[in-house]
Amino acid sequence: MKILVAVKRVIDYNVQIRVKEDGSGIVTDNVKMSTNPPDDNAIEEAVKIKEAGKATEVVAVSVGEEKAQETVRKALAVGADRGILVKVDGATEPLAVSKILQKIVEKEKPDLVFMGKQAIDDDCNQTGQMLAALLNWPQATFASKIEVKEKSLEVIREIDEGLETIEVNVPAIVTCDLRLNEPRYASLPNIMKAKKKPIEQINASDLGIDTKPRIDQIKVEEPPKRKAGIKVASVEELVQKLKNEAKVI
Ligand code: AMP
């Protein structure tokens, strides 16, 4: 069984996001970038399945600028066998990425595609679902437990009401939740070994995919600053304030 894992390069989740002065976007210069957090869970799960002898190859793929190679390299350092970088200049949107991944799936013929449930930069939660639709494959989204069976997967997924267990036939798309596992750290020897693992580079235009953005970003602004709260001395005072000042009761 071969597993393809999609990894996106995003601003590190610890970074305090700053809006550009002209409101045209957010500051990305000299900002720490990392793998989208749930994509680390997706790689970890694929590597664990391979270590359990249930998969033969794990291939990491990223769509983005040249620097996204670092993200692929990190996936190689934690156990992926080889990488693919599909080069696109500028921002990527879910529809273009899913069309690119469709082409990669047609070329690589994996049995499973693991992805993150959501990218923390655009918060779209769309790419996995779009890819499943384009390929006409079953999908298991928000996976918090995966069990590999003969020709299917049993997946526990997080839903509003609790946990849902479903079975999907392979080939399938799985989008991974942060609770799926604890991603490992890359050890120094494995980081060194990863430098020798191959990364194939492909231009998105050679795949015949139009990556032109479909969304016009009009303006980005900071959320309004919250006013400081106050302490009230009694329940009576609270009720009076809710009634006369906040006017919510
Ligand atoms: P989104 O639909 O943007 O929230 O992204 C969901 C998931 O799709 C991510 O967690 C990644 O696994 C995958 N994905 C989205 N964009 C990219 C990209 N540019 N390169 C690789 N994977 C991506």
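**Close-up views of a predicted model**

**Figure 1. The largest nonpolar core of the chain.** In this predicted model, the largest nonpolar core comprises 34 residues, and I3, V5, I43, F114 and L153 have the most contacts inside it. Two or more residues of this core are supplied by each of the elements β1 (2–6), α1 (37–51), β4 (57–64), α2 (69–77), β6 (112–116), β7 (139–148), β8 (152–159) and β10 (172–176). Helix α1 gives the largest share, five residues. In soluble globular proteins, nonpolar side chains tend to be buried together.

Figure 2. Leaving aside residues up to four places away in sequence, L153 touches L112, I146, E147, V148, I166, E167, V168, V170 and V174.

**Figure 3. The nine-stranded sheet.** The strands of this open sheet follow the order β9-β8-β7-β10-β6-β1-β4-β5-β11, and their pairing is mixed. Strands β9 (162–169) and β11 (199–203) stand at the edges; each has a single partner strand, so one side of each lacks a neighbour in the sheet. On average, and with direction ignored, neighbouring strands of the sheet are turned by 35° against each other.

**Figure 4. The β6 and β10 pair, with the helices that pack there.** Strands β6 and β10 pair in the parallel sense, over five bridges. Within this pair, L112 stands opposite A172 of β10. Helix α1 packs on the sheet and touches β1, β4, β6, β7 and β10. The direction of α1 makes about 150° with that of β6. Helix α4 (residues 127–135) lies across β6, β7 and β10, and runs at about 175° to β10.

Figure 5. Strands β7 and β8 run antiparallel and are joined by five bridges. They form a hairpin with three residues between the two strands. In this pairing, I146 stands opposite V155 in β8. Strand β8 also runs antiparallel to β9, to which eight bridges join it. The hairpin of β8 and β9 has two residues between its strands. The bridge partner of R157 in β9 is E164. In a regular strand the side chains alternate between the two faces of the sheet.

**Figure 6. K2 in strand β1.** Residue K2 has its place in strand β1. With a relative accessible area of 16%, K2 is buried, because the cut-off for that class is under 20%. Not counting residues up to four places away in sequence, K2 touches T56, E57, V59, R82, E108, P110, D111 and L112. K2 and Y13 are eleven residues apart in sequence, and their C-alpha atoms are 30 Å apart in space.

**Figure 7. The cysteines C124 and C176.** The count of disulfides comes to zero. For C124, the closest cysteine sulfur is that of C176, at 18 Å. This separation is too far for a bond, since a disulfide requires sulfur atoms within 2.5 Å. C176 is likewise in no disulfide, its nearest cysteine sulfur being that of C124, 18 Å away. C124 counts as partly exposed, at 25% relative accessibility, whereas C176 counts as buried, at 0%.

**Figure 8. The chain as a setting for the close-up views.** The secondary structure comes to six helices and eleven strands. Along its principal axes, the C-alpha trace spans about 70 × 45 × 40 Å. Of the 249 residues in the chain, 41% are buried. The accessible surface comes to about 14,900 Å², and 51% of it belongs to carbon and sulfur atoms. Among contacts between residues at least 6 apart in sequence, 70% join residues at least 24 apart.

Note on methods. Residues numbered from 1 in each chain as written. Predicted model: local features only at pLDDT ≥ 70, side-chain atom pairs only at ≥ 80, totals over all residues. Heavy atoms only, no water. Core = buried A, V, L, I, M, F, W, Y, C linked by side-chain atoms within 4.5 Å. Buried < 20%, exposed > 50% of the residue type's maximum accessible area, 1.4 Å probe, protein only. Helix = DSSP H or I, 4+ residues; strand = E, 2+ residues; numbered from the N terminus. Contact = heavy atoms within 4.5 Å. Pairing = 2+ DSSP bridges. Axes fitted to C-alpha atoms, helices over the stretch in contact; angles between N-to-C directions. Areas by Shrake-Rupley, 256 points an atom, 1.4 Å probe, with all protein chains shown as cover.
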